[in-house]
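Hi there,

Here is the structure I promised to pass on to you. Have a look at it first, and then read my notes below.

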Amino acid sequence: MIHKHIQYYLGHMKDDIPSGIVVFLVALPLCLGIALASGAPLFAGLIAGLVGGLLVCWLSGSQLSVSGPAAGLTVIVFNAIETLGSFQGFLTACVLAGVMQLALGYLRAGIIGAFFPAAVIKGMLAAIGLILIIKQIPHATGFDTSFEGDESYMRETAESSFFELFQAFNALSSGALVISSVGLLILICWESPFIKKQAALKLVPGPLVAVSWGVAYNLLATTFAPEWAVKDEHRVHLPVSGNAGEFFGNFMLPDFSYLSHPQVYVVAATLAIIASLETLLSLEATDKLDPLKRLAPTNRELKAQGVGNIVSGLLGGLPITAVIVRSSANINAGGKTRFSCFVHGLLLLLSVMLFARYLNYIPLACLSAILLHTGYKLAKPSLFKDYYKKGLSQLLPFVITVAAIIATDLLIGMAIGMVVGLFFVIRNNFHAAITLVEKGKHYSLVFNKDVSFLNKALLRKFILRVKPDSTMTIDARRAQFIDHDILETIEDFLATAPDDNIHVEVLDLYGKEKMQKHEALVIVE
């Protein structure tokens with residue numbers, strides 16, 4: 001069996017190694033950028049990428065899914081670090097979240113993703129996209145909230161975030177603005193049909209080109225036009241390791257004294273729920289993109305992510321999820337097995353160990369351009385337009401989720417979106433479960449699916465519309481289950497129908513059982 005597995009991976013190595021290189025080139029700037037957006041040490045983003053690439057890929061049931069730090073968690077992470085007041089305290093929450101995910105996997109909770117309305121999930125992602133844009137504009141313009149070069153620009157409230165956003169436009173840095181603007185332009189052009197048609201250019205990831213541009217520009221500006229260069233505090237600051245001891249000194253242990261802090265459990269539960277949802281959604285999307293049409297087991301994926309978050313938290317890394325951007329890059333580059341994800345993790349490790357000093361040449365402005373582009377893709381205008389076309393039942397949950405998350409926080413916003421989404425789901429089911437068709441003096445009351453007590457008011461409304469001296473058919477052939485309250489309402493109607501000269505025919509009501517109280521009725525089997 002082991003020999004067969006080895007042969008399987010060796011057989012696809014010619015596809016997986018080039019694909020792993022592409023995923024690495026996409027993942028490196030994203031790991032740094034997401035750590036930046038989360039207000040966490042940049043090294044924490046790389047640790048999360050390493051855990052996803054070297055460990056989770058072998059535990060996961062998916063051959064093509066790539067795990068690592070996710071843009072979708074940046075808001076939660078940032079607010080959690082602010083709330084707990086310590087990054088090491090946050091790491092404790094990350095470990096707890098991993099334990100919760102592991103438990104969810106063993107409880108077979110992989111099905112939970114199916115219970116969240118798509119409009120609410122898309123609304124969550126769009127809100128995250130807008131918040132990313134709000135958070136990254138100060139970095140893109142070179143604006144600092146403190147002389148120390150603070151990497152955390154978004155404060156706890158939406159009001160202060162927007163205030164800071166406007167402040168950023170009053171303190172522009174020409175170098176940062178040039179780097180981010182051209183970087184953004186490169187990323188937009190890289191997705192144009194012209195670039196996609198060029199076989200050679202298609203293999204080079206857009207984020208890598210944007211980062212290369214930022215580094216090259218800043219090196220040239222430093223030499224020839226210092227006033228157009230970005231300052232040191234506006235560049236990546238990774239610790240450079242002279243030896244193995246120094247390298248491992250960059251890892252950070254959680255502060256388990258925070259286990260007595262009630263807020264840490266709220267953060268952990270939030271992380272576990274949102275990370276699990278994002279993972280399940282990414283997994284579903286990856287399965288759809290897989291050219292070999294393989295299906296990944298969802299419960300195994302939750303266990304894998306749980307172990308990954310425990311390890312990442314223990315090492316000082318950000319929380320991880322399965323991420324669709326890197327997974328789709330893996331598929332588009334021709335990846336066939338989990339070995340491509342492992343290659344990307346291996347390359348991340350080598351780059352951090354051997355080339356950290358070179359990574360420190362990367363300006364934060366070009367990472368901001370990547371995150372601004374990511375934010376735009378999550379919240380592009382066409383998405384709002386599509387939901388507008390789908391009608392109020394889809395538009396309102398989507399827009400309310402976006403507005404609620406921006407105005408409050410991710411957890412409260414999602415809860416509000418879920419309430420609105422479920423209202424429309426119940427409303428639609430409420431109307432779809434029973435229909436009444438009128439043809440002259442004949443009425444057809446049809447149970448289209450399972451009918452619960454929620455449909456009782458609608459059933460009464462339909463019964464009141466039936467006029468005297470008419471005939472009626474109650475057709476329950478499509479229903480597998482009919483609630484007792486519904487049967488009682490029908491029995492009451494059947495008892496009074498003869499008084500109004502209404503002749504009723506019953507089809508297949510509740511397991512084809514005859515209504516014993518009304519033997520005179522015509523029962524059609």
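Let me start with one cysteine: Cys189 is partly exposed, at a relative accessible area of 38%. Here buried means under 20% relative accessible area, exposed means over 50%, and partly exposed lies in between (1.4 Å probe, protein chains only).

Before going on, please keep in mind that this is a predicted model, where local features need pLDDT of at least 70, side-chain atom pairs count only at pLDDT 80 or more, and totals for chains, interfaces and linings use all residues. Residues are numbered from 1 along each chain as its sequence is written, and side-chain values use heavy atoms, with hydrogens and water left out.

How many disulfides does a search of the whole structure find? The search gives 0, where a disulfide is a pair of cysteine sulfur atoms within 2.5 Å. Cys341, for example, is in no disulfide, and its nearest cysteine sulfur, in Cys57, is 4.4 Å away. Cys341 is buried, with a relative accessible area of 1%.

Now the chain as a whole. It has 23 helices and 7 strands; helices (H or I, at least four residues) and strands (E, at least two) are DSSP runs, numbered from the N terminus. Of its 525 residues, 51% count as buried. Taking contacts (heavy atoms within 4.5 Å) between residues at least 6 apart in sequence, 80% join residues at least 24 apart.

The axes of helix 2 (residues 13-38) and helix 15 (residues 324-332) come within 8 Å and cross at roughly 165 degrees. Axes are lines fitted to C-alpha atoms, for helices over the stretch in contact, and angles run from 0 to 180 degrees between N-to-C directions. The two helices are therefore roughly antiparallel to each other, a label for angles over 145 degrees. From helix 2, Ser19, Val23, Val26, Ala27, Leu30, Cys31 and Ile34 meet Val325, Arg326, Ala329 and Asn330 of helix 15.

Last, please look at Pro69, which sits in strand 1 (residues 66-69). Is Pro69 buried or exposed? Pro69 is buried, with a relative accessible area of 0%. Leaving out residues up to four places away in sequence, Pro69 touches several residues, including Cys31, Ile34 and Arg326. Pro69 and Ser312 are 243 residues apart in sequence, yet 10.0 Å apart in space, C-alpha to C-alpha.

Enjoy exploring!

Technical notes. Parallel < 35°, antiparallel > 145°, perpendicular 65-115°, else oblique.
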